[in-house]
2 protein chains.
Amino acid sequence: MVRMVGIKDVARQAGVSVGTVSNVINRPDLVSEETRDRVQSVIKQLGYVRSESARQLRAGQSRIMALLVLDMGNPFFVDVARGAESAAREAGLGVMVCNSGQSPSEEATYISLFTEQRVRGVLLTPADSTGASLDLLRQQNVPFVLVDRGAGDADGCSVSVDDTIGGALAGRHLVAAGHRTIAYISGPSHLQQVKDRRAGMLQALAEAGLGPEALLEIPAQRLDVAAGRDAASRLLGLAQRPTAVFCANDLLALGVLQVVYAAGIAVPRDLAIVGYDDIEFAAAAVVPLTSVRQPAAEMGRMAAELLLEETGPRAAQHAHQRAVLLPELVVRGSSLPVR
Amino acid sequence: MVRMVGIKDVARQAGVSVGTVSNVINRPDLVSEETRDRVQSVIKQLGYVRSESARQLRAGQSRIMALLVLDMGNPFFVDVARGAESAAREAGLGVMVCNSGQSPSEEATYISLFTEQRVRGVLLTPADSTGASLDLLRQQNVPFVLVDRGAGDADGCSVSVDDTIGGALAGRHLVAAGHRTIAYISGPSHLQQVKDRRAGMLQALAEAGLGPEALLEIPAQRLDVAAGRDAASRLLGLAQRPTAVFCANDLLALGVLQVVYAAGIAVPRDLAIVGYDDIEFAAAAVVPLTSVRQPAAEMGRMAAELLLEETGPRAAQHAHQRAVLLPELVVRGSSLPVR
DNA sequence: GACGTGGAATGAATGGTTTCAACCCGATCG
DNA sequence: CGATCGGGTTGAAACCATTCATTCCACGTC
């Protein structure tokens, strides 16, 4: 292994002190133009690259923020990551994207990795519902921002989308299209999102004078395509099939669409489908899916910006906040009323 | 900002020297059981977390490897990332996943971020075809492994899949199903993959005694769903439409499927479709897509392992190698011969 | 009782950068 | 002419964990 060229080598070669080289890099305005040019050219000539670890050691914090998502296979989180990444880059930071796969233990492993790295902060959608992960972060006072989750007891920021409104948007749309019995393909019951989306749907039904019996819940184990297929088979086995399905996310909806289509049931004529998240593949399905759009990239960006504010030079004026964004219904072929 | 508890605090509290604390953490067998327990409990009590930057500063390299992919929105790369991540974690490293979005300039930005971080190494699918990015890495002697690309002139490892064989698999399958004119929806022409897949297809056609005129190339700007839709419209506008389409990747194929279906053309009866990559959404389409499966996770894992070998304790015995994996055809509904 | 042995613990040196008080020197002011 | 100012530069401290040569100690052996 060849020795790395350090700031000292540059200083010697340029005939200045290390302090001056540092200034050339970090506060060029303090250095005379002549010296600056000379140092710059030596830097280029020697191929000097500053060592982030040394800089970090002094600064006490790194220039990396962590993003810990539940499922990298879900395009929704990919969009979140994109948003966060672009905000971070504007501030000259890197993002370390990691995938907990919904496992609290992997989540804990990553969090300890992050604390060792002294990351600037963590953006996360916790997989652990007990809050133990957050305690870990608090203990090390690593700033964090919750993504796609409200910070209930609030000692951190959060960015989320109002899922009750989202559910209601879907509900009103289906009711307006004449549906009177709707299936809800939910996900793991401990997820707040899943509950809120149902609540919104129930609210919309109530507005139309329909009781909770109009909503038939079909639980799904996970929020992925396979779980959607599975739930759809159960749906098809029912004696009295609802005329519409609302899915807790688009992956489920894609699974449903596949099974329903294979069974020869026409969408939307015999069955309307509404998904949630509006991932790219929802629009790209053979029958484009109506979906409740979450501003995923926007969420990622906001989360990153909140973190930057909390850890930036103006940290003192930072007050934790809970940003709640609004979802939007995107109507496509899978739920269009048939004329 | 509260001061971080350092190794010195632990040492003082436990009544030992800093060297001993370090030994407890890194070489516990050198320390007597009694001392070890005492130190461990102080560590827990104080919530001490070692500073990776300080450790790194001495070690000269970090415990993070970078993965730079072309498109995080493509599930293929997500699988690559998963494979790399799992191999890295087994070795106690973290992976920093970044997205160049095929832009050489973003790629360069990330590479300079990586060199500053002194990452252990970089796994990448270069967006820059001139090789300038690799030069940057070589210059700083940062080890790298090419993913999904062969290392032609070889001064690094690479892991790729034989795309010519992949194309041939698709070709033989379609020929066997009786197709005699096939459209090839390609991607950006400078991508080697795109060329190799076509070459394989031509080879399969030749084996069946068909000349290059049997393959009709329809160029696509990018390798995504929208480009697939676009190419499909052009396909449908043709006077003499081929009976089968081979797409350079699954995203294109999904776009094609959507447009073709909307035009009322039955798949596979009127048009067979074969994709490439075998992403989850290919199997999840309404008409499940036949696709050439690439062992994406396996590729990510191998790449990470090669990097670990190159930078690990046995680096001396490391010889660069070019691993070439084999693709596999997964036949599904979109190309089944109609009885 | 002198010496050797080996396990356990020590503490100083090391690494690269940033920061800041101190310094130098030419120019301006009184 | 001396004092002051300020732009430009310097040099050393600080950051924190690791490493390794050294010291310490208890025990056993001759």
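In this predicted model, the surface near DNA strand C is made up of eight nonpolar, eleven polar and six charged residues. H4(A) provides the largest share, four residues.

Sugar or phosphate accounts for 64% of the atoms of DNA strand C within 4 Å of the protein, and bases for the rest. An N or O atom in the side chain of Ser22(A) lies 3.1 Å from a phosphate oxygen. In chain B, a polar backbone atom of Ser17(B) is 2.8 Å from a phosphate oxygen, and a backbone N or O atom of Ser32(B) is 3.1 Å from one.

Chain B also contains strand S1 (residues 64-69), which is largely enclosed by the rest of the structure because six of its six residues are buried. In a regular strand, side chains alternate between the two faces of the sheet. Ile64(B), Ala66(B) and Leu68(B) are buried on one side of S1(B), and Met65(B), Leu67(B) and Val69(B) are buried on the other.

S1(B) pairs in the parallel sense with strand S2 (residues 94-99) of chain B over six bridges, with Val69(B) opposite Asn99(B). Together with helix H5 (residues 75-90), S1(B) and S2(B) form a right-handed β-α-β unit. S1(B) also pairs in the parallel sense with strand S3 (residues 121-124) of chain B, over four bridges; there, Met65(B) has Gly121(B) as its bridge partner.

Note on methods: Residues are numbered from 1 along each chain as its sequence is written. Chains are lettered from A and ligands numbered from 1 in the order in which they are written. This is a predicted model: local features need pLDDT of at least 70, side-chain atom pairs count only at pLDDT 80 or more; totals for chains, interfaces and linings use all residues. Side-chain values use heavy atoms; hydrogens and water are left out. Buried means under 20% relative accessible area, exposed over 50%, partly exposed in between (1.4 Å probe, protein chains only). Helices (H or I, at least four residues) and strands (E, at least two) are DSSP runs, numbered from the N terminus. Two strands pair if DSSP finds at least two bridges between them. A crossover is right-handed if, with the strands pointing away from the viewer, the path from the first strand over the helix to the second runs clockwise. A residue is near a molecule or strand if one of its heavy atoms lies within 4 Å of it. A polar contact is a pair of N or O atoms within 3.5 Å; within protein, one must be able to donate a hydrogen and the other to accept it, and residues adjacent in sequence count only if both atoms are side-chain atoms. Ala, Val, Leu, Ile, Met, Phe, Trp, Tyr, Cys and Pro count as nonpolar, Asp, Glu, Lys and Arg as charged, and the others, Gly among them, as polar.
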